[in-house]
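Load the model in a viewer and keep the sequence panel open. The stops below each give a selection and what is found there.

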Amino acid sequence: MSAHWSERREGGSRFAQRLLCAIGLRLGRPIARLFLYPITVYFFFRRGPERRHSRAFLSRALGRPASSWSVLKHLHCYATTILDRVFLLADSRLSESSLRFDIRVHGLEQLETQMAHARGVLLLGAHIGSFEVMRALAVERPDVQVRVVMDTQQTPAMTAMLHALNPAVAAGVIDAGQDGTAVALAIQDAAKQGALIGLLADRARPREPTRDATFFGSPAPFPIAPYLIASVLKLPVVLCFGLFRGGNRYDLYFETFAECIQIARRERSAKLGEWTQRYAARLEHYTRMDPFNWFNFYDFWHRFDDTHAAVRDSVSARSAA
């Protein structure tokens, strides 16, 4: 129960993933979605930890004990967004595929305002909904370069399959599995080119520094790297969340998070805590819009992680002293 999220093995075999991908591209999204029902039931019974953590989160978010039906709905929502990534990333069919979706964009003017300064923009997302739905906008703006920071080794089979569909997207990935210096230099280079740099800011890699922030009523650890990066590179920060609304509809939200993040050395700890809490509050706001879009199927609050709890209590004791 206390294992780090990165230790969970990838779900589904490489063959099964490629088979569903082929069915989707050959027969279309409606036919492929029929396969998601038995897949959802299979994972409900086979992936006990994910099932338990889904139930725990939904009970917290919905304010009532979550039923097995709610957990199944949660898993099905996740499976649907994974399938939709195939259509959103399909190389030569990208423009055609994006037309299959009803994508409603909110706050685009806020993103365009930050892009108008001809500098890079840090897009902070999370593991809710689909970050890939933003690709539909990139089709209409081929002049905009999008770089995404992601760990390509966390789900190697899925990553390899999706990147095979669109090599251009694969070329734009900044591999978070590199050492910190290499990642920072890659982000700096992308910023100099005026790129949109996507970063999911709700999970920390092993041994990555975090700060606790109140999220759905309890403290949860969030990485601090995004705010340090924005501060050092002087990048504006825009939130980006693409929520799946059922059927073929997605709501894509952009919200200016900070035009400039300044973190003085003497205020470093306090400022990082403030920015982390602000992000957690906005993330909770969007997650409450549709909790079934939350795709962190692990013990996000570390309620069962005695090591994390001991460290947190130790820090609290030192702060009080």
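Helices (H or I, at least four residues) and strands (E, at least two) are DSSP runs, numbered from the N terminus. With that numbering, select Lys234 in this predicted model: the residue lies in the loop between α12 (225-233) and β8 (237-244). Its relative accessibility is 57%, so Lys234 counts as exposed, the cut-off for that being over 50%. Check the backbone too: phi of Lys234 is near 55°, a positive value in a residue other than glycine.

**The loop between β6 and β7**

Go to Phe216, in the loop between β6 and β7. Phi of Phe216 is also positive, near 55°, and again the residue is not glycine. Is Phe216 buried or exposed? Phe216 counts as buried, because its relative accessibility is 6% and the limit for buried is under 20%.

Now select Gly217, found in the loop between β6 (210-215) and β7 (218-223). Gly217 is exposed, with a relative accessible area of 64%.

**Thr287**

Select Thr287 in helix α13. At 1% relative accessibility, Thr287 counts as buried. Leaving out residues up to four places away in sequence, the residues that Thr287 touches are Phe57, Ile128, Phe215, Phe216 and Trp294.

**The nonpolar cores**

Next, display the largest nonpolar core, which has 50 residues. Those with the most contacts inside this core are Leu124, Ile197, Phe215, Phe222, Tyr227, Tyr279 and Leu283. Which helix gives the most to this core? Helix α13 (residues 268-289) does, with six residues.

Center on Tyr227. Not counting residues up to four places away in sequence, Tyr227 touches Leu124, Phe257, Ile261, Ile263, Leu272, Trp275, Thr276 and Tyr279. Another core, of 31 residues, lies apart from the largest one; among its members are Leu83, Met115, Phe244 and Tyr250.

From Tyr227, step to its contact Ile261. Ile261 sits in the loop between β9 (249-258) and α13, and at 2% relative accessibility it counts as buried. Beyond its neighbours within four places in sequence, Ile261 is in contact with Tyr227, Ala230, Ser231, Val237 and Trp275. A further distance to draw is Ile261 to Leu235: 7.7 Å C-alpha to C-alpha, for residues 26 apart in sequence.

**Helices α4 and α5**

Select residues 48-62 for α4 and residues 68-89 for α5. The two axes come within 9 Å and cross at roughly 105°. That makes α4 roughly perpendicular to α5, a label that covers 65 to 115 degrees. At the contact, Arg51, Ser54, Arg55, Phe57 and Leu58 in α4 meet Ser68, Ser70, Val71 and His74 in α5. By type, the residues of this contact are three nonpolar, four polar and two charged.

**Helix α3**

Last, select helix α3 (residues 36-46), where the buried residues are Leu36, Thr40 and Phe44. Look down the axis of α3: the buried residues fall within an arc of 80°, so they line one face of the helix. An α-helix has 3.6 residues a turn, so residues three or four places apart point the same way. Turn to the face of α3 away from the buried side, and the exposed residues Phe45 and Arg46 are there.

Definitions and conventions:
Residues numbered from 1 in each chain as written. Predicted model: local features only at pLDDT ≥ 70, side-chain atom pairs only at ≥ 80, totals over all residues. Heavy atoms only, no water. Axes fitted to C-alpha atoms, helices over the stretch in contact; angles between N-to-C directions. Parallel < 35°, antiparallel > 145°, perpendicular 65-115°, else oblique. Contact = heavy atoms within 4.5 Å. Nonpolar A, V, L, I, M, F, W, Y, C, P; charged D, E, K, R; others polar. Core = buried A, V, L, I, M, F, W, Y, C linked by side-chain atoms within 4.5 Å. Buried < 20%, exposed > 50% of the residue type's maximum accessible area, 1.4 Å probe, protein only. Arc of directions from axis to C-beta.
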